[in-house]
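Here is a short tour to follow in your viewer, one selection at a time. Keep the sequence panel open beside the structure.

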Amino acid sequence: MAPFPRFYSPQRIGTLFNPDMASIADHASNAGLPPAAQDRRNVHLLLIDMQVDFCHPNGSLYVPGALGDVQRVVEFIYRNAAHISQITCSLDSHLPSQIFLPGWWADASGNHPAPFTIISAQDVQRGRWQPLVEPAWSQEYLARLEQDHKKLLTIWPYHVLIGSPGHMLDPELWSAVFWHSVARKTQPTWLSKGSIPRTEHYSIIQPEVPAPDVPGGGKNQAFLDELAQADLIIVAGEAESHCVLATVEDLVDEFRDQTDMLRKILLLRDCTSPVVHPEIDFHAIAAARLAEFERMGLRLVDSTAVALS
């Protein structure tokens, strides 16, 4: 078959449209690819939060570089479809009132924090910012975040709200995932995260601060066990500096004593980009951590350099 299906249009990446599902399914059914169940090697492609709000220039939290990331991921799927056994897509999934969104907080004049505001426990103690929701927990959360993760709370613009257009996968990427599912006779997996109001949830493995009393508030051990069965785990998505890095950190932590397992993890470095912050060089932070993981066995590669055949 040709490298890319006839319906694929890179010019549509970054736009909203309704994929022609009947045409895609028809093309996939005639692609002549074997069922994934027959694969001798289990290759798991993990796509993190490649959603409209992150990947489209008019998205509410656009990650510069994400348009190209999406195109490279789509073309990676089409080039390697015969050897990709499973695709998992995570979906950052938020509600209007969450601890990292502006409406949760206000200053003494009642003004909500602007996006990218950093809030520390000391800010609350000094009255610079006050939580409008669950004040006791909010202060405890900041303290635990700083103590356990050495992080400060970042306030983000409203993004990937459930039910909004910004929550959906880029349609051209969705088309590739759908095509692969039909062509290889394998179901894609959709992992929703980020809907617990009281905590951030960057990693697809677990939230920043556990919420054991809430579904999805702890470590997703079932998914980790599934990944442990893979012969190769390929990671891409947005953003390098946050959800991708946090996920990779959790994977490395889970398998740090298994060098062979770490060698199975490939990060497509040309298919992820960092959040751009006016004061913080998030890319430099992520690059340093990823270099550390590379020394432990994880591999950083370009998508065009990977040949799965």
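Start by selecting Phe4, which is partly exposed in this predicted model.

Is Tyr8 buried or exposed? Tyr8 has a relative accessible area of 10%, which is under 20%, so Tyr8 counts as buried.

With both side chains shown, look at how the rings meet. A pair of aromatic rings is described by the distance of the centres and the angle of the planes. For Phe4 and Tyr8 the centres are 5.5 Å apart and the planes stand at 65°; the pair is edge-to-face because that angle is over 60 degrees.

How many aromatic pairs does a search of the whole structure find? The search finds eight.

Next, go to helix 6 (residues 171-184) and pick Trp174 and Phe178, which sit four residues apart, about one turn of the helix. Their rings form a stacked pair, with 5.0 Å centre to centre and 15° between the planes. Trp174 is partly exposed, at a relative accessible area of 25%.

Two stops show a charge over a ring. Select Arg12 and Phe17: Arg12 lies over the face of Phe17, 4.1 Å from the ring centre. Then select Arg198 and Trp137, where Arg198 lies over the ring face of Trp137, also at 4.1 Å from the ring centre.

Now for the pockets. Select His149, Lys151, Glu208, Leu245 and Glu249, the residues nearest the centre of the largest pocket, which has 27 lining residues. The elements giving two or more residues to this lining are helix 5 (135-149), helix 8 (240-255) and helix 10 (282-296). The volume of the largest pocket is about 710 Å³, and its lining divides into eleven nonpolar, six polar and ten charged residues.

Finish at the second largest pocket, which holds about 190 Å³ of space. Its lining has 14 residues, and those closest to the centre are Ser192, Lys193, Gly194, His201 and Gly216. Coloured by class, this lining shows five nonpolar, seven polar and two charged residues.

Conventions:
Residues are numbered from 1 along each chain as its sequence is written. This is a predicted model: local features need pLDDT of at least 70, side-chain atom pairs count only at pLDDT 80 or more; totals for chains, interfaces and linings use all residues. Side-chain values use heavy atoms; hydrogens and water are left out. On a 1 Å grid over the protein atoms alone, a cavity is a set of points where a 1.4 Å probe fits but cannot get out, and a pocket is an open set with protein on both sides within 12 Å along at least five of seven lines; lining residues have an atom within 4 Å of a point. Grid points are joined across faces, edges and corners, and a volume is the space filled by probe spheres set on the points. Ala, Val, Leu, Ile, Met, Phe, Trp, Tyr, Cys and Pro count as nonpolar, Asp, Glu, Lys and Arg as charged, and the others, Gly among them, as polar. Rings of Phe, Tyr and Trp (its six-membered ring) pair if their centres lie within 6.5 Å; planes under 30 degrees apart count as stacked, over 60 as edge-to-face and the rest as tilted. Buried means under 20% relative accessible area, exposed over 50%, partly exposed in between (1.4 Å probe, protein chains only). A charge sits over a ring if NZ of Lys or CZ of Arg is within 6 Å of the ring centre and within 35 degrees of the ring normal.
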